[in-house]
Each structure stands twice: as structure tokens, then as C-alpha cells.
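Visitor: Please show me the model. Then take me through a few points, one at a time.

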Amino acid sequence: MVSGTAGAGSLRMTRSDDELVARSRGGDVESFNELILRWERPIFALAFRVIGREDDARDVCQEAFFRAFRALPGFKGQSKFSSWLYRITLNLCRDWMRKHRRTGAMQIPEGVEPLELAGERGASEPIEDLVARRELVVVIERAMAGLPDEQRTAIVLKEYHGMTFQEIAELQGCPLSTVKTRLYQGLATVRRSLERSGHLQRPVVKRT
Amino acid sequence: MSSPFQCGDHEALLAYAYDECEPAARDVITAHLATCAGCAEELAGISAARRLLAAWQPPETALGWQLDTGQRADGNASAAAPWWRQPLPAWAQVAAAVLIFGAGLAAGGRASSAPASEPVDVVADWQPAVAAIENRVAAVESAAADHQALLAGLSSRETDSDALLRQIRSEINASEERVRRQVAVSLVLLKAEENYAQQTLTSDFQQLSSQVQYILRGAQQ
């Protein structure tokens, strides 16, 4: 694969994950750094939504890449690199949740500070819209925090990472039907929370 | 051939919502939804909840890690041979791999992919080193902000006392307005929290009441 030049505006050939992994296994650290750059945001997003805490999610994300780097010699390409990385991350999240569990659910996400809210506001966004948007996120975060870990993880993998039922089943090590059950029950709980808070009206379906 | 879909099959509706149905099953479900208000409502509820879930986004936090094997500053790279394949003990392999935090590690979450000027040795325990760096950056930023404020004040200083008073009053008014907005936002959020808690309690009470009534009816029979 021809390596392009870095720099804004120049044509750059994007190497596949497989090629970057092969180069990394051959001693090319920059290739692994490129993998980090490519996957750090999705991995952080996964950890954040599963754990619910920003700082701890960053720690988990960093540790996931560190473990992947150390285990790279043993990675034979039996699965996609991303799937392998997701599995490492989910295992770390599971370890974190076991360590920090108090009531059987993850900790309620950190609260909203007015100063933080003011910082989020767009130049022309009315304060009422900003507050409404933040309220919705608080309801979602609380609902997700109250779910069993496996239901929450299934929703995160499906809704925010676009995985198929089969891929989730492989990651969670369970049958396909179990994934669907977890997804349905989790979404039903979130839906009830959104209806109670008034963010969701019970749908009225008109027969045509 | 039997129908692949049974009315009320929530998991099949879920697969339909996520477009992971077999084509034959999809056609059957589509036809069923046109005549079954219950299933149509269930699907609409799932879809509506999914749309709202999209609002939950992770924070824009600083990432930008890089892997450094501790190569010399003069740029001389070690031989191309894969170093981790050598029979090194585990502690040596770990010592050879150091994670560097990007410049965007500074508080406030400014994203940056530029490498830090000083690599941090994280072999033993990186968290105190990270905290130290963050504190340093925060201190520098605070000092810079103070200097900026001082310069701004000096540049706008007026010898006319009335003009100076007007400026001071304007600053105070702006500050009061910011505080008023923050209080208003806090009050709105508190109210929203209270409403949510009340709705949750009401729902739980109704559920409990129904269960008690059910038990009493059973006892009376």
C-alpha cells in the first residue's frame, strides 16, 4: 500500500486496520499510533456510555489500547481488530463495574453545573432549548444507569456503534435471542422513563 | 407455510425496527402492522425512544494518546526488527512502551493530537504524573488569564473618574446578569428534577396500589 503524505489537502491513502495491525506486529509503532487515532473516540464513547463517568472512561480507554498493544503478538486476525478492541474494552468496563458496584447499577452520572451548561450554549440557542436538551440527556442517563449492565451494554453497542445482533451476541457471549431480549427490555425501560418525564408521548396510531 | 411472525412478538418487531429481518418476515410484519394497532404502537414507541437516544453524546474530552518506545531524541531508530518479539522479560517490555498524553490533556477538554513536550513515564503509576501535568497546565492558564485581565484593565483605564465609574457599573451589571442566568438555569433544572422524582413516586405508588388491590381481591374470594 502506498503511503501518502500527511498534511492538509494532500491525497492520503488510508490503510486498512489489517494492514496497520500487520505493520504494528512488524515493529512499526507509528502504525499502532494510527490505529489509536482511528479508534480512540469510538472506544472512549463506548466506555463512557457503559460506565457513565468521563474520567474513568478515559482511563479504561487508555488501558484498552495499552492491553491491545501488549497482546498484539498473539492477535492472529481471527476477528476484526475493532471487534477484538471492543472485547478488551468491554472486559475492562465489566471489571470497573464489578469494582465500583454499590447497588447493582452503575453510578448516577455526574450532575450538570450551570457554568458547564452556559458553556454548551450555542450563540443563538435560546436558554430554554438548551435546558430542554440537557433535561432530556439527564433522563436518558438516569434511565440507562438504572438498567442491568448487560442490557445497557447491548443498547450502547446497537444504538451507538451500529453492531448487528450477531456481533453483539459474539461480544457478549450469549445467544442471539438473549441479545434481542436484552435490547427489548432495556429499550422498554428507557421508553417508560421518557414517557414519565414527558419527553415521549404515548404514540397514537391511526389505522389507515 | 406458517407465518414467521406472531402478533405481539416483541423481538420480531425489534428486528423489524433495526432492519435485521429476513425479507419474507419483513413483508409479513409490514402487512400485519397495517391492521394491528397494538403492534403498530409498539413499533412506534421503540422508534421514538431510539430517536431520543441519539441526543446522548459523549463529552468532547481530550484524548490524543500516542505510543512511544523511548526512541532516542536524535531520531536514531532502533533496528527494524520487531522489538517485542525478542525474548524480553515482561517488565522490560512494559518499560519499553510508554504512553504519552497529547497536548490536549489540559483541563477544559481542548482536543489536540500534538504530542506533549515532555513524555511521561507511566510505567509505575501514571496517574499522579498526569495529575501533576494537569495542575501545571491549569496554573499556567490561570496565570495567563490573570495577565490578560491586568493588561485589559490597564489598556482601558481612564483618567476621567465618571467614565471609570460607568465602566465599573457596566462590569457589575454584566456579572449580575450572568449570576441571574445561572440561578435561573439552576432553578429550572431543580424543578425538572423534582417533577421527575414526583412522577416516578406516583407511578411506583400506583403500581403498589394495584398490587395491594389484587391481593385483597384474592383474599376475599
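Guide: Start with a term: buried means under 20% relative accessible area, exposed over 50%, and partly exposed in between, with a 1.4 Å probe and protein chains only. This is a predicted model, where local features need pLDDT of at least 70, side-chain atom pairs count only at pLDDT 80 or more, and totals for chains, interfaces and linings use all residues. Residues are numbered from 1 along each chain as its sequence is written, chains are lettered from A and ligands numbered from 1 in the order written, and side-chain values use heavy atoms, without hydrogens or water.

Visitor: What share of the residues in chain B is buried?
Guide: Chain B has 221 residues. The buried share of them is 24%.

Visitor: In what order do the elements of chain B run from the N terminus?
Guide: Helices (H or I, at least four residues) and strands (E, at least two) are DSSP runs, numbered from the N terminus. Chain B has six helices and two strands. Their order is α-α-α-β-α-β-α-α.

Visitor: Is Gln151(A) buried or exposed?
Guide: Gln151(A) sits in helix 7 of chain A, residues 149–159. Its relative accessibility is 11%, so Gln151(A) counts as buried.

Visitor: Which side chain makes a polar contact with the side chain of Gln151(A)?
Guide: Contact means heavy atoms within 4.5 Å. Leaving out residues up to four places away in sequence, Gln151(A) touches Arg182(A), Gln185(A) and Gly186(A). A polar contact is a pair of N or O atoms within 3.5 Å; within protein, one must be able to donate a hydrogen and the other to accept it, and residues adjacent in sequence count only if both atoms are side-chain atoms. At 3.2 Å, the partner is Gln185(A).

Visitor: How do helix 9 of chain A and helix 1 of chain B lie to each other?
Guide: Axes are lines fitted to C-alpha atoms, for helices over the stretch in contact, and angles run from 0 to 180 degrees between N-to-C directions. Under 35 degrees counts as roughly parallel, over 145 as roughly antiparallel, 65 to 115 as roughly perpendicular, and the rest as oblique. Helix 9 of chain A and helix 1 of chain B pack at about 85°, with axes 9 Å apart. That makes the two helices roughly perpendicular.

Visitor: What is the angle between helix 9 of chain A and helix 3 of chain B?
Guide: Helix 3 of chain B spans residues 37–53. Its axis and that of helix 9 of chain A come within 9 Å. They cross at roughly 75°.
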